[in-house]
Amino acid sequence: MSNISVTLPDGSRQEYPVQTRPLDVAKAIGTRLADAALVAKVNGELWDLTRPLDGDAKLEILTSKNPEALEVYRHSTAHLLALAVLELYPETKLGIGPPTEAGFFYDFKRDTPFTPEDLEKIEAKMWEIQKRDLPYERRMTPKVEGLAKYKAAGEFMKCELIDEKADAIFSEYTLGPTFIDFCRGPHVPSTAKIKAFKLLSTSGAFWKGDEKNHQMQRIYGTAFFTPKDLEEHLKQIEEAKKRDHRKLGAELDLFSIQELAGPGLIFFHPKGGIIRKQLEDWMREEYLKRGYSLVYTPHVMRRDLWKTSGHANFYSDNMFKPMELDDAEYQLKPMNCPGHILIYASGQRSYRDLPVRLGELGTVYRYERSGVMHGLLRVRGFTQDDAHIFCRPDQIEEEIVSCLQFAADTLHTFGFDSYDAELSTWDGGASGKYDGTPDQWKVAEEALRNATSRLGVKVTFAPDEAAFYGPKIDVKLVDAIGRRWQLSTVQFDFTLPRRFDLSYIGEDGHKHQPVMCHRALFGSIERFFGILVEHYAGAFPVWLAPVQAVVMPITDRTQEYARQVTERLSAAGLRVELDDRKEKVNLKIREAQLQKIPYMLVVGDREAADGTVSVRNRRHGDQGVKALDGFLADIGKLVAERTPTE
């Protein structure tokens with residue numbers, strides 16, 4: 001075959017010689033496109049610009065205008081980081097260096113810890129290498145030859161990866177005359193294409209994420225197409241530091257993690273407990289409004305239950321070890337679903353009874369590795385707003401639509417108006433890590449797709465990321481500073497009803513198997529709490545604020561009136577404090593501002609005589625003098641309507 005046919009995105013087709021590179025096609029189209037090109041897409045697969053085409057192809061040239069190119073750009077920057085580290089610290093051994101949603105990282109094996117000063121040197125070296133305009137070149141290497149080469153270089157981790165992942169002939173990428181890395185690629189053409197990057201931090205990590213393996217050092221960085229985009233991202237990082245829920249949690253006395261009790265276990269303090277109560281009360285009220293029944297299940301159950309559910313097999317790495325009791329082995333529950341299944345199965349069900357919606361704010365326990373725990377966002381003990389819906393096959397799509405609408409209402413209530421969804425599917429059964437038949441997976445995935453389509457929810461797809469028992473939809477919100485958080489989950493399950501032999505009596509008088517939907521809308525109380533802290537920077541809306549108002553007498557003469565105001569507010573159901581310390585009012589106001597209390601009510605002689613309060617708002621400052629009844633009406637409306645701002 002002397003020529004191949006290349007089809008461009010506009011539908012036009014051109015003939016080119018075999019082994020033509022995408023870059024050659026870009027040059028044929030125009031110099032400007034060729035200069036801007038970063039990577040190609042060939043028949044839907046990302047492809048190096050310099051990798052020859054070996055057959056007819058649909059070709060798209062990707063530039064900085066294409067979001068897909070950013071992942072390749074960041075992966076290339078990770079290789080640039082690795083080369084810089086090796087040039088400065090040649091004794092270092094390489095782990096892995098993938099792109100991430102926010103940037104990239106690379107794991108290194110080095111006895112001496114990297115310091116902040118080291119990061120400065122490494123970043124300077126990266127810029128020096130960037131200016132060399134070194135090409136990223138792809139090489140194909142026989143597995144036997146590659147293993148021998150990396151073994152001779154002492155790169156034992158690369159040998160492990162090649163053993164596990166490489167085909168008989170695998171791809172490597174060079175960067176300059178000395179650097180070569182086992183990598184699937186693709187990459188940008190050269191280091192000169194990388195215009196904006198920044199190294200951010202270091203942390204400990206374990207090789208392959210397994211704490212039994214070697215301790216690694218991970219360097220995090222980020223990269224963008226332009227310095228302007230990088231600067232905006234760095235500003236967002238600084239803002240995120242100010243909003244860090246761990247920092248604010250301590251400053252506002254909301255929660256703590258106690259060393260004596262153990263990592264990943266959360267203690268909610270009184271103020272945090274009040275906020276948590278608001279979350280839980282709202283959710284339970286919504287359960288009852290939407291036709292859910294409230295249930296409660298034990299924290300520990302026999303291991304046999306988890307064998308029947310499949311968790312003992314598919315989820316054992318995330319479960320705490322069994323405990324021996326008198327009659328059997330027991331385990332802390334990592335999920336609430338088996339308990340809800342037992343409740344469903346406790347009596348005979350008719351098709352008229354379905355759907356059965358069981359909801360619980362149930363605490364579960366999962367063995368998270370020490371390296372991944374993070375404040376409230378990744379913990380070992382947490383409470384899920386968990387519900388399980390048992391229904392007929394003809395009802396499942398409507399139930400999923402209702403769950404997604406419930407998720408949207410939840411986000412809106414708590415001040416999140418921007419979100420999208422990710423639909424996780426299986427791998428077609430190739431890995432053996434999923435339960436169920438292809439027909440069941442097809443039905444389940446179609447039901448989830450149809451539900452998102454009906455609600456007009458923007459969806460991306462995550463292949464091979466489903467739960468072992470079925471596909472799922474993860475709703476991802478966007479917070480006040482533009483960060484995306486995975487939150488609500490809706491999961492289809494055809495496996496557990498079969499494993500537990502669930503049934504209902506159909507209209508025909510025979511037994512039928514129900515289908516099941518799992519859903520958690522907060523995700524977990526702890527995680528949602530942490531996201532709320534960061535979204536509002538600790539300044540919770542009035543209805544959620546642990547202290548909604550503080551009353552401040554100016555002098556001793558007005559302390560009695562201040563107590564009366566406090567009692568009146570408290571009797572109206574408000575969370576109010578009296579600050580009657582013998583301190584200046586300006587100091588009291590400053591401290592209330594630091595505690596992010598929505599309203600400060602200052603009372604002096606005139607307010608006491610007139611039955612008024614001088615109102616100060618944490619966000620808008622002095623609001624003037626108001627009648628106490630008027631203030632109560634205003635704040636009462638904010639609380640009743642759950643207004644997100646004052």
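I began with the second largest pocket, and its volume comes out at about 560 Å³. A reminder to myself: this is a predicted model.

Next I asked which residues sit nearest the centre of that pocket. Of the 21 lining residues, those are His75, Gly97, Pro98, Cys183 and Arg184. I then looked up where the lining comes from. Helix 3, helix 6 (156–165) and strand 10 (179–182) each give at least two residues to the lining of the second largest pocket. Helix 3 supplies the largest share, with four residues. Sorted by class, I get 10 nonpolar, five polar and six charged residues around the second largest pocket.

**Enclosed space**

I moved on to the cavities. How many reach 30 Å³ or more? The structure holds two of them.

The largest cavity contains about 110 Å³ of space. I noted its lining from the list: Leu252, Leu254, Lys271, Gly538, Phe540, Ala545, Pro546, Val547, Gln595, Lys596, Ile597 and Arg618. By class, this lining splits into seven nonpolar, two polar and three charged residues.

The second largest cavity has a volume of about 30 Å³. Around it I found Leu404, Ala407, Ala408, Tyr419, Val457 and Val475. Six nonpolar residues make up this lining, with no polar and no charged ones. Helix 13 (residues 396–413) contributes three residues, the largest share of the lining of the second largest cavity.

**Helix 4**

My last stop was helix 4, which runs over residues 116–131 and has 16 residues. From first C-alpha to last I get 23 Å, close to the 22 Å expected at 1.5 Å a residue.

Which residues of helix 4 are buried? I listed Asp118, Leu119, Ile122, Glu123, Lys125, Met126, Ile129 and Gln130.

Helix 3 was already in my notes, as the element with the largest share of the lining of the second largest pocket.

Methods:
Residues numbered from 1 in each chain as written. Predicted model: local features only at pLDDT ≥ 70, side-chain atom pairs only at ≥ 80, totals over all residues. Heavy atoms only, no water. Expected span 1.5 Å × (residues − 1). Buried < 20%, exposed > 50% of the residue type's maximum accessible area, 1.4 Å probe, protein only. 1 Å grid on protein atoms, 1.4 Å probe; cavity = no way out; pocket = protein on both sides within 12 Å on 5 of 7 lines; lining within 4 Å. Points joined across faces, edges and corners; volume = space filled by probe spheres on them. Nonpolar A, V, L, I, M, F, W, Y, C, P; charged D, E, K, R; others polar.
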